[in-house]
Number of protein chains: 6
Amino acid sequence: MVDEIMDRSEVLVEALPYIRQFSNKIVVIKYGGNAMEAHDLRESFAIDIVLLKYMGMRPVVVHGGGPQIGEILKTLGKESEFVEGLRVTDDQTMEVVEMILGGKVNGEIVGLINKAGGQGVGLTGSDGGMFKVERKVLGGRDIGRVGNVRQVNSGPVLAVADSGYIPVVAPIGVDGDGITHNINADEAAGALACSLGAEKLVLLTDVEGVLDSGGNRISRLSVAEALALIDDGTADGGMIPKISCCVDALGGGVKGAHIIDGRLPHAILLEMLTDSGVGTLFFH
Amino acid sequence: MVDEIMDRSEVLVEALPYIRQFSNKIVVIKYGGNAMEAHDLRESFAIDIVLLKYMGMRPVVVHGGGPQIGEILKTLGKESEFVEGLRVTDDQTMEVVEMILGGKVNGEIVGLINKAGGQGVGLTGSDGGMFKVERKVLGGRDIGRVGNVRQVNSGPVLAVADSGYIPVVAPIGVDGDGITHNINADEAAGALACSLGAEKLVLLTDVEGVLDSGGNRISRLSVAEALALIDDGTADGGMIPKISCCVDALGGGVKGAHIIDGRLPHAILLEMLTDSGVGTLFFH
Amino acid sequence: MVDEIMDRSEVLVEALPYIRQFSNKIVVIKYGGNAMEAHDLRESFAIDIVLLKYMGMRPVVVHGGGPQIGEILKTLGKESEFVEGLRVTDDQTMEVVEMILGGKVNGEIVGLINKAGGQGVGLTGSDGGMFKVERKVLGGRDIGRVGNVRQVNSGPVLAVADSGYIPVVAPIGVDGDGITHNINADEAAGALACSLGAEKLVLLTDVEGVLDSGGNRISRLSVAEALALIDDGTADGGMIPKISCCVDALGGGVKGAHIIDGRLPHAILLEMLTDSGVGTLFFH
Amino acid sequence: MVDEIMDRSEVLVEALPYIRQFSNKIVVIKYGGNAMEAHDLRESFAIDIVLLKYMGMRPVVVHGGGPQIGEILKTLGKESEFVEGLRVTDDQTMEVVEMILGGKVNGEIVGLINKAGGQGVGLTGSDGGMFKVERKVLGGRDIGRVGNVRQVNSGPVLAVADSGYIPVVAPIGVDGDGITHNINADEAAGALACSLGAEKLVLLTDVEGVLDSGGNRISRLSVAEALALIDDGTADGGMIPKISCCVDALGGGVKGAHIIDGRLPHAILLEMLTDSGVGTLFFH
Amino acid sequence: MVDEIMDRSEVLVEALPYIRQFSNKIVVIKYGGNAMEAHDLRESFAIDIVLLKYMGMRPVVVHGGGPQIGEILKTLGKESEFVEGLRVTDDQTMEVVEMILGGKVNGEIVGLINKAGGQGVGLTGSDGGMFKVERKVLGGRDIGRVGNVRQVNSGPVLAVADSGYIPVVAPIGVDGDGITHNINADEAAGALACSLGAEKLVLLTDVEGVLDSGGNRISRLSVAEALALIDDGTADGGMIPKISCCVDALGGGVKGAHIIDGRLPHAILLEMLTDSGVGTLFFH
Amino acid sequence: MVDEIMDRSEVLVEALPYIRQFSNKIVVIKYGGNAMEAHDLRESFAIDIVLLKYMGMRPVVVHGGGPQIGEILKTLGKESEFVEGLRVTDDQTMEVVEMILGGKVNGEIVGLINKAGGQGVGLTGSDGGMFKVERKVLGGRDIGRVGNVRQVNSGPVLAVADSGYIPVVAPIGVDGDGITHNINADEAAGALACSLGAEKLVLLTDVEGVLDSGGNRISRLSVAEALALIDDGTADGGMIPKISCCVDALGGGVKGAHIIDGRLPHAILLEMLTDSGVGTLFFH
């Protein structure tokens, strides 16, 4: 029993250098996939975020919501077309996107964080003109109200975070005419992390991390190594945009970027506060 | 032409004492009804809010959304029952309420304010646990997820307002178990105004103001006079809760409360910055 | 009647973009001429200043006082000589200048502002060594205690303005030996505006503005156009120093400069807050 | 020579407990009489004020100007009547008072302080509505624009002092209609000291201090002893109002009050920083 | 392996409510006994302190040093007499006390904390007059320079802690004549905790905690229960002063007090951040 | 008697320009030699420091302690070897150094300052890792735990000084492994002065100042002149390192450096606040 107690203290001690390193730093976490669906994982996610907060970091959550949007559209009998993984978004679809992301998913995440003992505050990218976008064009094709982030005003996030709250951001942006657009959540998280000068960008995914050609997880990747994995075809189609997102974030001033396995409970804590991570760290 | 120019300056000069009186003060505006539906009124509302902001006040918007919710429910083939004017809210209805209020209406108002030159930031009453509610019971009957505000944490509103943004609040609250509830928007606005120690509570309505027995608008009403109007039956059923809301706000420390005619363009400016108001002012 | 009410709101709405643009900005107003003499104009001037203050700007008044000085000197039987429009200032004259500007005119303006609901605080250019001057020499001729501003310490003005007061400055400066000198009020206002990094310099005059060769007021003048008007002889002798003052202020970092007709009531409001100005705006 | 050097250090060391006691404290000094007229005394006064400032106190000067006013009135052929030592002040006289106090004397004192290495800023009691007065009535007789201080707004003095400047205040006040009035400088200094919660009130006079019945200076007087001196007739007519002023100041919260001999160079330093004072200290 | 990883996260998650509760709170830790002597325990102590710091608390260390003092005195051939457990302290002994506590032990603890990644700053109770004492008298007997704490100036501790350093305090105080005295470290820690309004007082000891009559550790004790243990003789002579110290601290406003077993590595972490503590908690 | 009083004021007035010049500036004083041993000089030193503090400067004391260390070592029967004036410091010697400097001398100086009315706070160079050192090597010879300052963290000194305390620093540093080392006090004072951007470095010595070849004190020396004195052999062996220390401090950004005669009472005041200094000033 004393031994077991001792083991407990060892875990806390192991966390010390990480806590020290990230003290008062901003960590942007893209929340999505399984971690957003399974009940247990949702709770463990919220606890992780609140724990980071109380350990002195400033976590910022950016969330997706594709499956929830798809489900409602199906109920409404509306089928979506996808181009290169992006949903073609007409006006009716965008109305659903805003209601689901801004009204349902965002509020639920705030509720989870509040329940875990933190104080979440929901925002969307149109609050304070946070995400300014331009319409995305894919291979000359207009895919509707889908935007590329052109400019970020991180003011609302800082206003909320500096008052002790945990910002939870839905990836919706506005163009120059004030028209709302859907943004890919990874891209929104990356752009926000750059604008905030974040210490970390963490992408929660449904895979183990980046895999080498033998199918084993790679713990650490330099930018050069990451680009090589794309070039030589090791990285598959689903992973490429995530790798690019991390590489871009590093280029934009973020200190480190992680792709981690959101299917593991407390994946964020394990990756950030223990020596044995549970994903892939990208570094300069 | 010179005469006309002179007239312009007179209007500005007439506004001076009001601007002085409200300088740096918080003004909570309940936004609803026609003013939220007609295109022109929506624009004039947003301009009024932004103008108050630039004239040195700190406006806070609380909005309703009943018609928009009803419309969607109808589309979904779901009929609502009403008890004493309140929608009986089952879980499915509440899901729609959250999506419409938090995801659609809230964002649209933020967008209007941004377009008028201000910087809105949307919040719901679950952000930072802003509105804590208990389930409302009407005559012994449970009407579902409808809540009475029991406690207000105005922290998120102040965090946003003190950073130069205009808070736009959806009237959703959470009970002790973190379950979201619908709140009457007038009640939410009144409770928030009290918690903020607001100078003013302004309810935008679809009527001219409080009418006397002859059907003429009453410009100013003391608390005692207001209560008398209810007692003697002059105030009709629709007006009674609004009068009560204003009287309660005065009791809770708000300096003045207004019921104004939201069907007039720039009703807020006219009531707050000119000698000839366009509604009924309640005072101690 | 409703129409008339509507018109009122239009004026306020028209003012919005100007109020927004000048929010928290410093506006230096040179006050002189008729606007300082006629009773009605004095009151309307004070109201304008107080209104700018409450609309979120930071007005700073610099005043002249030539006629009042002349009047006293006449009473004392002392005739002044003028060189290029500047009063030759011997020691006895300077004593009168200080008493009239610092003791009489300055206090009266403070009183007007206080009466209009603001809080004025009078300063002279010797307070805190605000205006450091060197003796002016005109064509090799010494004209007595008349100074050119060489250096400005805007500290006392900021101390007063940052505490919520409206600074009212008499154009008196000191040389390196601490000897007081008279300064041209336009020049003092311009130098102070530059030192404060003001948004606006506004010169109240007794003319309609800058006129073109046909005698019509010019609404807007670029620096190049203004200099051309001097070169080609369109600008007359009285106007040239005022144009130069505006051009110099723009060169010193002030964003815009106005020559306006102080004979119109509320000229400042009309020029600054309505689309149809009442003078000439100089811009880069 | 070494001995002489040693003596120097003794003086500094003797000053230590006083400097410590008054550190960061407000000291209001009424400046008047000979100390304002003789050239050497004027310089030594200014040095004393600047030294107090640099030793960490916050000196505030309130000045009179009776002789200078009288001189000008004589030049103008206007004779003043005095009632109980107060000048009957008609409108023409008041105009002279304002010009002399606010425009001449105030500026000269600011100039002296600047020359001694400090940074003075002149204020009058109408700045920011500092001194609110009601018309004084003496034995049922109206003596014109002479006021009793009823209320003090010490805001402008603090704005100036907190920015590192030394406030120099002319004893002019305004009544409820904004009409300026003359105030006795001792009374103005006392009222300001109370409003500021000053540590010290120091009245510079042309006498040695309060004298006992044998004609010897009394170094320290309790309030009770001071009142006894008035009751038993020891204090003469000129001294009584000064004693009353000190007693009132103590009653209003000032910690100590001094009547000192302004005819001695550096009287302020000697009274405040050495063991052997040069006047009379009033204490509770 | 995944299981083991999961266990790690559980420990962190278990710590969350404690971290939240103690966020930004002051925790005063009395450091002494074995924990100060064994090499491993010294390191684990320092890590615990640094970890508390990075988890957002403000730890303050107060240390003893009896054994080290005794050792030197033995080397010097000087035998100490003890009265009720307190060392009779003559002048020569006090000189040794100051050198050992202030010069050796204090510096070593600062060094340990620095090595563990924190930034310690050593203080003694004479710094800034932190501990004012009066000479202790035991049963009418003078035991030399041993003091009771009469007054605490926590200013130096706050100055250091508010700048991000960890204060390490040696229990030396001064009497009214500036003479240094030895203070019992438990008493010093308790008095400092009260003065700081600390959340916690933690006494590191060489026992398991407070034992019941059966010799088993008691996890939690109310003040009443603690006093009963003294009254009924369950608490032995060595434990009584420690219990009294904790009870006094609670009486002085400290929220909770702990007697913990300093012989266990990371005893502080285990008691403060895990559900299963390792000592006795005193509560109101 | 009046004459004598006048003389007192003259001394204060003479101090004015110095007080003004040093207002709010940091002055680092190396305290050592006779001034630390003779009872009267100790008291006069403490008074000087407190007086500087109350006159608005921020004094920082760095002290030596060689004689006190030597005395104890002699008592312990341990003889020190010296190389180029530096004590060869083995581990046992270093233990004594830490106890004497950090535990005895430092505390005594704090006590002296407190007694004189200031609030001292003792620090050593290991607090907050203030002095980072590397082991000194003299002519290829290891002289034990004697360090050269390589890096200074002035944080702890500023934390203490900005809270109104007077920092008293013992010259102990730590190397990269956290091992404490002895530092020459002059060198420590110089390095700290550079790191703090001090206005002044003052070395208290047991000589009159720097002497010329005729044996007369030199009042002022430029850097070039100082170096020439070393080159031409005028400066003797004991003086050379002190001159070098002053020259290095000037090179590191300190505005002025003084070598003064600590055998004179109040030498610091006399050098800093009177026209006739008592040592040698080094200037650029």
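# Close-up views of a predicted multi-chain model

Figure 1. Chain A and chain C share no contact, and their closest C-alpha atoms lie 16 Å apart. A gap is also found between chain B and chain D: no contact joins them, and the closest C-alpha atoms of this pair lie 16 Å apart. Keep these gaps in mind when you reach the views of chains that do meet.

**Figure 2. Chain A as a whole.** How many helices and strands does chain A have? If you trace the chain, you will find nine helices and 14 strands. Along the principal axes, the C-alpha atoms of chain A fill a box of roughly 60 × 45 × 35 Å. The radius of gyration of chain A is 19 Å, close to the 19 Å that the globule rule gives for 284 residues, so chain A is as compact as a globular protein of that length.

**Figure 3. The open sheet of chain A.** Here eight strands of chain A form an open sheet with mixed pairing. Reading across the sheet, the order is β5-β8-β2-β1-β11-β13-β14-β12. Which strands stand at the edges? They are β5 (120-124) and β12 (220-222) of chain A; each has a single partner strand, so one side of each is left without a neighbour in the sheet. Neighbouring strands of this sheet are turned by 20° against each other on average, if direction is ignored.

Figure 4. Now zoom in on β13 (residues 256-261) and β14 (residues 279-283) of chain A, which run antiparallel. Four bridges join these two strands.

**Figure 5. A hairpin in chain D.** Strand β6 (residues 131-138) and strand β7 (residues 141-152) of chain D run antiparallel and are joined by seven bridges. L138(D) has R141(D) in β7(D) as its bridge partner. Two residues lie between the strands of this hairpin.

**Figure 6. Two helices side by side in chain F.** Helix α6 (residues 185-196) and helix α8 (residues 239-251) of chain F have axes that come within 9 Å and cross at roughly 10°. α6(F) and α8(F) are therefore roughly parallel to each other. From α6(F), the residues that take part are D186(F), E187(F), G190(F), A193(F) and C194(F). They meet P241(F), K242(F), C245(F), D248(F) and A249(F) in α8(F). Sorted by class, the contact of α6(F) with α8(F) has five nonpolar, one polar and four charged residues.

**Figure 7. Where chain C meets chain B.** In this contact, 27 residues of chain C face 26 residues of chain B. On the chain C side, α1 (2-22), α2 (39-54) and α9 (267-273) are the elements that give two or more residues. Which of these gives the largest share? That is α1(C), with 11 residues. The chain C side has 18 nonpolar, seven polar and two charged residues. A rotation of 180° with 0.0 Å of shift along its axis superposes chain C on chain B, with an RMSD of 0.0 Å. In chain C, the C-alpha nearest this axis belongs to M55(C), 2.2 Å from it. The same surface serves both copies, as 96% of the contact residues of chain C recur in chain B.

**Figure 8. Where chain C meets chain D.** Here 32 residues of chain C are in contact with 32 residues of chain D. α4 (91-115), β5 (120-124) and α5 (155-162) of chain C each supply at least two residues to the chain C side, and α4(C) gives the most, with 13 residues. This side of chain C has 11 nonpolar, 16 polar and five charged residues. Chain C can be laid on chain D by a turn of 180° and a shift of 0.0 Å along the axis, with an RMSD of 0.0 Å. The two copies are thus related as by a two-fold rotation axis. In chain C, the C-alpha of G103(C) is nearest the axis, 1.8 Å from it. The same surface serves both copies, and 100% of the contact residues of chain C recur in chain D.

Conventions:
Residues are numbered from 1 along each chain as its sequence is written. Chains are lettered from A and ligands numbered from 1 in the order in which they are written. This is a predicted model: local features need pLDDT of at least 70, side-chain atom pairs count only at pLDDT 80 or more; totals for chains, interfaces and linings use all residues. Two residues are in contact if their C-beta atoms, placed from the backbone, lie within 7 Å. Ala, Val, Leu, Ile, Met, Phe, Trp, Tyr, Cys and Pro count as nonpolar, Asp, Glu, Lys and Arg as charged, and the others, Gly among them, as polar. Axes are lines fitted to C-alpha atoms, for helices over the stretch in contact, and angles run from 0 to 180 degrees between N-to-C directions. Angles under 35 degrees count as roughly parallel, over 145 as roughly antiparallel, 65 to 115 as roughly perpendicular and the rest as oblique. Two strands pair if DSSP finds at least two bridges between them. Copies are superposed by least squares on the C-alpha atoms of residues with pLDDT of at least 70 in both. The radius of gyration is taken over C-alpha atoms; the globule rule is 2.2 Å times the number of residues to the power 0.38.
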